[in-house]
Amino acid sequence: MPKVTPKYKQEPFDKMLRRFRNQCERAGIVKSVRDKEFYEKPNQKKHKRNQEMKRTRENTARKQAAAEMRRKQSSMWR
């Protein structure tokens, strides 16, 4: 659990709160709470994971194709 203490004597509460929120984000607490907010069936989890993997593969393929086209075009003008 993240813990925040004042860095100096008169540190404003807003700054301490911001530091605490950032520490919670980095620790992954907010993400885990959002994930556990509602029950998700195992099949839904599997489907969601498969969709993410599919999207990642498609994005990677698209980026590689774009890089290949840039490489071809740059070699064509030399």
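The model is a predicted one, in which local features need pLDDT of at least 70 and side-chain atom pairs count only at pLDDT 80 or more, while totals for chains, interfaces and linings use all residues. Residues are numbered from 1 along each chain as its sequence is written, and side-chain values use heavy atoms, with hydrogens and water left out.

Glu11 takes part in a salt bridge with Arg19, where the closest N and O atoms are 2.9 Å apart. The term salt bridge stands for a side-chain nitrogen of Lys or Arg within 4 Å of a carboxyl oxygen of Asp or Glu. Side chains of opposite charge can pair when their charged atoms come close. Across the whole structure, the search finds 3 salt bridges.

Another salt bridge joins the side chains of Lys31 and Asp35, at 3.7 Å from N to O. Both residues belong to helix H2 and are 4 residues apart, about one turn of the helix. Helices (H or I, at least four residues) and strands (E, at least two) are DSSP runs, numbered from the N terminus. Lys31 is exposed, at 58% relative accessible area, whereas Asp35 is partly exposed, at 47%.

In helix H3, Arg71 and Glu68 are 3 residues apart, so about one helical turn separates them. Their side chains meet in a salt bridge of 2.4 Å, N to O. Arg71 has a relative accessibility of 48% and counts as partly exposed; Glu68, at 31%, is also partly exposed.

The largest pocket has a volume of about 230 Å³. A pocket is found on a 1 Å grid over the protein atoms alone, as an open set of points with protein on both sides within 12 Å along at least five of seven lines, and its lining residues have an atom within 4 Å of a point. Grid points are joined across faces, edges and corners, and the volume is the space filled by probe spheres set on the points.

Among the residues lining this pocket are Lys31 and Asp35, along with Phe38 and Lys45. Helix H2 (29-35) and helix H3 (42-76) are the elements that give two or more residues to the lining. H3 gives the most, with 4 residues. By class, the lining has 1 nonpolar, no polar and 9 charged residues. Here Ala, Val, Leu, Ile, Met, Phe, Trp, Tyr, Cys and Pro count as nonpolar, Asp, Glu, Lys and Arg as charged, and the others, Gly among them, as polar.

Note on methods. On a 1 Å grid over the protein atoms alone, a cavity is a set of points where a 1.4 Å probe fits but cannot get out, and a pocket is an open set with protein on both sides within 12 Å along at least five of seven lines; lining residues have an atom within 4 Å of a point. Buried means under 20% relative accessible area, exposed over 50%, partly exposed in between (1.4 Å probe, protein chains only).
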